Each structure stands twice: as C-alpha cells, then as structure tokens.
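Here is my note on the model, point by point. Please read it with the structure open.

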Amino acid sequence: MKKLLLLLFTLALTLNVCAYKKVSVDIKVNGQTRNMVVFTPNTVTSDMPLMIITHGMNQNPEYQYDGDKMYELIDTEKFIVTYLRSDGNTWDIGGDKDINFVSQTIDEMYKKYTINKNRVYWSGFSMGSMLIYHAMAKMADKIAAFAPTSGIQFSEQPWNALKNAGKKVNLIAHHSNQDGVFPINQYDVNSYVTNIATTQGFTTYFESNYQSKEGDYKGKKKVWTNADTGNVVELFMYDGGGHWPSYYNRKEIWNFCKQFSKLTVEEEYTKIYNKAEDLIELWQYTPAMTSKAVYTGLKTALSTYSPVNVAENGQYSNAISKLTSYISVFETAASKVELVTKNNDAEKPEGFDPNFHIYLCFGQSNMEGNAAIEAQDRKDVDPRFMMMAAVDMSNMSRKKGEWYTAYPPLCRGYNGLTPADYFGREMVANLPDSIRVGVINVAVGGASIKLFDQDLTAKEIAGAADWFKNYCKEYDNDPYKRLVECAKKAQQSGVIKGILLHQGCTDNTQKDWPVRVKRVYTRLLNDLNLKEEETPLLVGELLQQNMGGVCWGHNEVIAHITDAIPNAYVISSANCPANSDGLHFTAEGYRMIGRRYAETMLKILDQPKKIDFDTTETYFPIGTEGFNPSLYLQGTSKYTKNVGITFTTNFDGTFGGWRFSKGVDLSQYNYLVVKFARSASIKPVVKIFDTDDYLNPCYSFDMGGSKQISIDLKNMTDNKGNTIDPSHIYMVGISANKGSIYISDVFLSDDGSTPTAIEDAPVFEFNSKEDFIYDLQGRRLQHQPSKGMFIRNGKKVAILK
C-alpha cells in the first residue's frame with residue numbers, strides 16, 4: 001500500500017506542473033539590482049500570505065526550490081512564495097544589506113500582488129537560516145513567523161537582540177541529527193533554540209516524539225508557548241536527511257507559519273470576516289455568482305463563523321483558516337464573472353415578471369403526449385397558463401421560442417395530451433390570480449435518458465430508426481440544447497420553479513438510471529444558474545402492473561431517485577388508466593397524473609422540503625445519518641455501535657457514501673482515513689469526486705484486503721491523470737461488488753492516523769488543582785474556563801462546566 005501511495009504521490013507531483021506560475025523579478029535595493037524567483041498560484045487574489053525563502057551558501061534559488069518544493073503547496077494553500085538570490089555566494093550576516101533586501105521584497109510583493117503584510121513568513125536553509133537569526137530582532141515587526149532549517153548564527157546571540165529590542169517572535173526550527181555541516185550536538189542547537197524561547201519568557205513547555213508529514217523523518221519535537229502573547233517556538237530534531245534543503249519538512253513549516261499574523265488573532269479574524277461580508281454584498285446582484293455554490297458556501301460560512309459563534313467557542317484560528325479558504329475559492333470564481341451592480345439594467349430584463357412561474361418538462365413519449373386530445377381538453381384554458389413552443393408548429397401558427405396560451409398539444413404540433421396539460425391547469429386554479437404558469441416541453445418518443453446527455457446524444461441518434469431521427473431533427477439533433485435555449489429565453493420573462501420528468505420505458509429496470517437522470521439535472525442547474533434547493537425535480541412513475549403496464553418494474557428504480565437527488569419527488573401513477581399498448585396512459589390517465597404533479601408542486605411552494613444542502617461542516621458522521629447507500633445503484637445500510645456502518649450492496653458496482661451538494665472543502669486536511677471492522681472480499685474501492693456526477697472521472701483507491709488506509713488528500717488524480725481538487729469535494733464513498741462491508745470509521749486527519757474533528761474529543765470535569773489547560777491558541781488559562789474546546793496535557797478535550 002505504501003508503494004501505491006508513493007506512486008500516486010509521485011504521479012500527482014508530475015501532473016501538478018501547471019498549478020502555479022513562476023516569474024523572475026528584479027528590484028533595486030540601495031541602488032543595486034537584486035533578483036528573486038516568485039511562484040504564485042494560477043489565480044492570485046488580494047491578501048494572500050507571502051513566504052520568503054533564503055538559500056544556502058554557494059547555492060541559488062533554483063537549487064533551493066528544487067529541494068524544498070515549497071511552491072507545490074501554493075495552489076491549494078493559496079499563498080505566494082519568493083526565493084531570494086544572494087549577491088554572490090553568501091548573505092550579509094553581519095550588516096543590513098540583505099535585511100534591506102528582505103524588507104524591500106515585502107514592499108515589492110505588496111505592489112505587485114497586494115499581499116497581506118500581516119502574514120509574511122521567512123524560511124531559510126543553512127546560511128539562509130543564519131541570515132534569519134541575524135535579522136530576527138530587526139524584522140520582528142514585519143515577519144509573522146520565522147522558519148530556519150539546518151543553521152544557526154554562531155557569531156551572535158539572537159535571543160539577547162530580541163530581549164534588548166523588546167520583541168517576541170514565532171519560530172519553528174528544523175535540524176537533522178545527521179547534519180554534517182552544523183552537527184546538532186557540536187553547535188548545541190537544542191540550547192540555542194531553548195535560549196530564544198526562555199529569554200522571551202515562554203514559560204510553558206512540552207516535548208513529544210514526532211514524525212514529518214512527508215517522508216520518514218522521525219525525531220523529537222519541543223514546543224514552548226507564551227501564555228500571555230500567544231507566541232510559539234518549536235524545535236524539530238529529526239533522524240534522516242542531512243545538510244540539504246528537503247521537502248519533507250515543508251508542510252510542518254507552512255502549517256506552523258500560517259497560524260500567525262502581526263495582528264492579534266481577533267483582529268485578523270475581524271479583517272477576514274469583514275472581507276467576506278463585503279464580497280457577499282458586492283456580488284449580490286450578479287446572478288452568475290449568486291447561483292454558484294461558492295456564493296452560498298461563503299454566505300453560509302459567514303453564519304457558521306459569525307462573531308457570536310466564534311467568540312463563544314474561542315476558535316478564531318479555525319475561523320480564519322476556513323473563511324480564508326472560502327474567500328479564495330470565491331475570488332477565483334468571481335474573477336471569471338462580470339460584476340452586475342444594483343443599478344445595472346442586466347439585473348432584471350425588460351418584461352421580467354417574478355410572478356411568472358416556469359416549469360421545464362422533458363422525457364419520452366408519455367411526456368411528449370400519446371393520448372388523443374378530447375374536446376374537454378380544449379375548453380376553458382386559463383390564459384394565465386402558457387406554453388413556450390420548443391419547435392415551430394405551423395399547423396397552429398406557433399413559432400419556436402414564443403409564448404402562447406397553453407391549448408394542447410404542448411410538445412409538437414402533431415402530439416397528444418401530456419401530463420403537463422393538467423399540471424398547468426391545476427397550478428393556476430390553485431394559485432393567486434397574480435401568478436402565471438408557463439411550461440416548456442421537449443420530449444422525444446422512444447428516447448433513453450441518454451439522449452439528453454450531450455456526451456451521448458450523437459451516439460443515441462446515430463444508430464436509431466428513421467422515425468426517431470426525424471423527431472430529433474426537429475430539435476436540431478440536440479433536444480437538451482433546445483431545452484436550455486428555450487429555458488434561457490424564458491428566464492428573461494420569469495422564474496424557473498421546477499422540472500418535470502416522465503421517462504423510463506426505454507431504460508426499463510436499468511439500475512443506473514437515477515444517476516443518469518442526476519447527470520442531466522445537474523447540467524440543467526449549471527447551465528441555467530439554478531440552485532438545487534430551489535429547483536425540485538418531479539418524476540412520474542410508469543404505468544402500474546395492475547393497470548396493464550409492461551414497464552412497471554422500472555418504478556422500483558424511480559423510487560431511488562431521491563438517493564441521487566435529495567430535492568426529487570416521485571409522482572404516483574396508481575390507478576391511472578392505461579392504453580392498450582401497456583406503455584402509455586389514456587387521456588384520463590394523463591389528466592390524473594398531471595394533477596398529481598401539480599398537487600406535489602403546490603405543496604413544495606407552500607412548504608419546501610427541508611434538506612441540508614450545505615453540509616460543509618458535517619463530514620463523515622459514522623452513524624445513522626449522512627451515509628447514503630445508493631449513490632449509484634442500490635444498497636442498504638444500518639448502524640450499530642459495535643460495528644459502525646454495515647453497508648450491503650445489492651448489485652456489483654454499488655456506490656454508497658456521503659454527498660455534499662454544495663461541495664465540501666477538505667483542503668485544510670492532509671489525509672482521509674477509512675477503517676473497516678473486518679477485511680472485505682468484495683473488492684471495495686474508495687472513490688472521491690470533485691464533481692457532482694458519478695459518471696465523471698474520480699480518484700479511486702482499491703483497498704484490496706486492507707482494513708485501514710490513509711488517502712493523501714493533497715495528491716489525488718483521476719484515471720485520466722487530472723488532479724482532484726480537495727477544496728471542493730462532492731462525493732466520498734465506497735464502491736463494491738455484491739455483499740457487505742463493515743465500516744468502523746471514516747475521518748479526516750493531519751497525520752494519517754489521528755482524527756482532527758472536535759467531535760472525537762473526550763469530555764471531563766475541570767479540576768483546577770490537577771489540570772493545566774490551554775485554549776486552542778496555546779494560551780495558558782489561569783482561571784476556571786467556560787464550556788468549550790481546550791488542550792489538556794497535550795490532548796484535545798471538551799469542558800462541560
């Protein structure tokens with residue numbers, strides 16, 4: 001398994017070459033031209049942190065970044081890194097020449113990229129670390145955290161300079177026990193870093209065994225904290241490596257540094273929270289943004305991490321991290337969208353009526369309309385019920401894309417009665433007079449759901465009978481495209497309130513039908529800028545067996561549509577009369593099921609289904625809630641405390657797990673750990689999707705006979721070699737052959753074995769005489785704390801009272 005993880009990791013690094021931009025930048029420092037190599041994410045937004053890195057003696061930026069590979073983190077972590085080039089082979093570790101270079105670099109990066117000056121960090125290797133120690137006291141007001149590796153300043157005592165300047169710093173130092181240039185014992189690195197901590201008054205201390213997040217570097221980690229200021233000093237003395245820049249400590253360096261700001265944690269939180277509020281307010285009149293998951297996600301995050309909630313829990317650092325991630329994703333999306341202001345004419349098209357409710361109808365022959373239109377169906381159609389012609393109907397003087405009173409036929413000029421006819425009639429009969437209802441019907445007799453999947457449309461038409469091809473020609477051989485074209489025009493006049501589907505005879509009993517429907521539904525939402533929680537899908541059953549239906553078996557498949565689409569509703573066909581062919585309803589059958597579509601929709605309008613469409617903070621609850629055993633094909637699940645989730649698959653290839661309708665951000669975590677209570681023999685494969693479509697490529701990990709695996713979330717690729725984005729995950733689960741799997745735990749982790757979720761923290765009663773308690777910022781508590789999450793003896797705990 002380790003070899004496989006290493007292979008995936010190496011492949012991801014190879015494929016990640018386009019995850020950043022690299023430029024050479026020259027600046028003038030004291031009249032001299034100095035050079036640096038700057039790496040930025042593909043999309044640069046304002047307020048990004050800056051990491052400055054200084055190389056070793058007789059080296060250069062190219063050697064440094066080839067070794068530390070810090071730049072590979074920037075696209076997911078959203079920061080800028082600049083590798084400074086020394087003047088010659090050495091740094092000025094006795095004067096101000098290179099201190100001025102670093103200081104002016106900060107100003108230059110602010111001019112070019114509007115970096116966050118409160119979150120500037122400095123890492124260095126060997127002589128680059130010596131420069132850090134030399135400059136530390138003078139640069140403490142500009143650098144939020146220092147990260148020297150494999151070096152000390154043996155000609156100076158930086159702790160005395162800090163003390164004399166009255167400065168306190170955040171520092172993480174790395175040093176290999178096998179370093180042959182600065183032997184760790186000869187130069188007494190332990191005492192060196194200890195002096196920096198104790199001279200600054202860092203009174204709390206603990207040490208532990210530790211392993212690097214990348215590679216096999218194991219060793220001793222020592223941590224000092226200042227309970228009054230929140231400053232931290234860490235020393236990691238590790239086995240392995242030597243005196244060279246290594247990427248094995250880059251995650252420790254970044255994860256340490258990113259915690260700190262020159263502002264207080266409360267000030268930094270307020271700044272970021274206000275920025276998030278400003279973004280929501282700025283883009284609130286732009287439908288192309290408000291319809292996106294990133295907009296809803298950021299808006300929900302403002303509520304989740306509101307000042308009241310954060311102050312109550314004291315989790316400022318967590319809120320900063322989460323909000324920063326949401327903002328970054330939001331700004332990336334917004335950079336591709338044109339802003340619409342409140343007074344922009346594009347906000348509401350001329351003739352737009354918010355009380356004009358529009359419904360999209362699609363499917364095959366039953367939605368197309370098979371029964372003969374009777375006299376009663378042509379009488380008393382309320383002009384508030386309208387239809388948009390999706391094709392030219394010359395026999396009725398109707399033109400494509402125009403609205404008309406909804407006299408049948410509603411699909412094409414030669415079709416019959418459809419469920420849409422009496423759906424619309426029932427709707428206007430039960431809605432206020434101010435509400436109009438419009439339908440757009442694009443349906444093709446004999447069509448599989450695949451016809452509406454644009455990736456498969458041409459193939460579906462190519463091998464079909466001539467009569468089928470002739471139907472499709474009326475939609476220019478792309479019924480889905482025609483539906484979207486008409487829907488976009490309709491949005492100039494009103495609001496799309498829902499989608500009606502009646503289809504399935506051609507796909508009778510095909511178990512993957514719900515996922516294929518979801519594929520079409522999701523594309524409609526995306527193409528029309530619709531929100532899933534506001535756009536229900538109503539799906540009609542086929543004819544029942546007791547009414548003479550021949551495709552009644554598909555109703556069992558239709559029943560599972562809500563497994564794939566939470567905001568879907570099944571419309572019963574019970575007792576609806578059947579035509580003699582066993583495939584189609586009679587006219588009365590269409591009236592009955594049409595009214596049932598309307599009855600369901602009226603209930604939705606009155607009281608929308610309560611669905612948790614934003615699950616960004618509830619990741620993998622091992623319990624009765626959250627796990628969906630039928631995300632693809634059908635399965636069942638049950639929960640017991642002793643076993644966890646028993647996931648039973650009814651068919652080979654069944655996929656069950658967790659779906660996040662808005663996308664969930666896992667980029668703040670390093671690993672996803674999956675544990676089985678016992679080994680499985682039915683070929684379990686963990687799958688992770690960064691799209692909300694099971695038929696799209698995904699990350700896959702074959703568990704084989706393993707009972708536990710750790711997936712590196714930062715290095716995932718699909719079967720086509722594309723990188724999976726951990727900042728927006730839609731589905732996580734397990735696919736397997738027919739049988740049972742016993743899932744004991746699924747959790748997120750920073751080290752690949754320890755859960756990070758606060759739900760896993762034990763609870764205890766506080767004892768002021770025995771307990772040494774710290775808040776989540778590392779500050780020692782001197783008095784009885786209130787309820788919340790804290791650190792007790794190095795472990796995360798919950799205090800009840």
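1. Start with helix H7, residues 189-199. Its buried residues are Val-189, Tyr-192, Val-193, Ile-196 and Ala-197. Buried means under 20% relative accessible area, exposed over 50%, and partly exposed in between, with a 1.4 Å probe and protein chains only. Seen down the axis of H7, the buried residues fall within an arc of 130 degrees, so they line one face of the helix. The arc is that of the directions from the helix axis to the C-beta atoms. Helices (H or I, at least four residues) and strands (E, at least two) are DSSP runs, numbered from the N terminus.

2. A word on the basis. This is a predicted model, where local features need pLDDT of at least 70 and side-chain atom pairs count only at pLDDT 80 or more, while totals for chains, interfaces and linings use all residues. Residues are numbered from 1 along each chain as its sequence is written, and side-chain values use heavy atoms, with hydrogens and water left out.

3. What do the buried residues of H7 pack against? Their partners are helices H5 (127-139) and H6 (158-165), together with strands S7 (171-176), S9 (218-225) and S10 (232-239). Contact means heavy atoms within 4.5 Å. After H7 comes Gly-201, with a positive phi near 85 degrees.

4. Thr-149 belongs to strand S6, residues 145-149. Its relative accessible area is 7%, so Thr-149 is buried. Leaving out residues up to four places away in sequence, Thr-149 touches Gly-124, Phe-125, Ser-126, Ser-129, His-174, Tyr-238, Asn-249 and Ile-253.

5. Now the aromatics. The whole structure holds 35 aromatic pairs. Rings of Phe, Tyr and Trp (its six-membered ring) pair if their centres lie within 6.5 Å; planes under 30 degrees apart count as stacked, over 60 as edge-to-face and the rest as tilted. Phe-79 and Trp-254 have ring centres 3.8 Å apart and planes at 15 degrees, so this pair is stacked. The pair links distant parts of the chain, 175 residues apart. Phe-79 is in the loop between helix H3 (74-77) and strand S4 (80-84), and Trp-254 is in helix H8 (residues 250-257). Both Phe-79 and Trp-254 are buried.

6. Tyr-247 and Tyr-248 pair edge-to-face, because their ring centres are 4.8 Å apart and their planes stand at 75 degrees. Tyr-247 is partly exposed at 21% relative accessible area. Tyr-248 is partly exposed too, at 24%. One aromatic cluster is formed by Tyr-20, Phe-39, Tyr-65, Tyr-71 and Tyr-83.

7. Which arginines sit over rings? The charged end of Arg-412 sits over the ring of Tyr-471, 4.7 Å from its centre. Arg-678 lies over the face of Tyr-742, at 4.0 Å from the ring centre. The criterion: NZ of Lys or CZ of Arg within 6 Å of the ring centre and within 35 degrees of the ring normal.

8. Check the open sheet of five strands, with antiparallel pairing and the order S19-S20-S27-S22-S25. Two strands pair if DSSP finds at least two bridges between them. S19 (635-640) and S25 (708-712) stand at the edges with a single partner strand each, so one side of each is left without a neighbour in the sheet. S20 (residues 644-649) and S27 (residues 739-749) run antiparallel, joined by five bridges. Thr-648 has Ser-740 in S27 as its bridge partner.

9. Last, Asn-715, in the loop between S25 and strand S26 (729-736). At 11% relative accessibility, Asn-715 is buried. Asn-715 and Pro-726 lie 11 residues apart in sequence and 8.8 Å apart in space, C-alpha to C-alpha.
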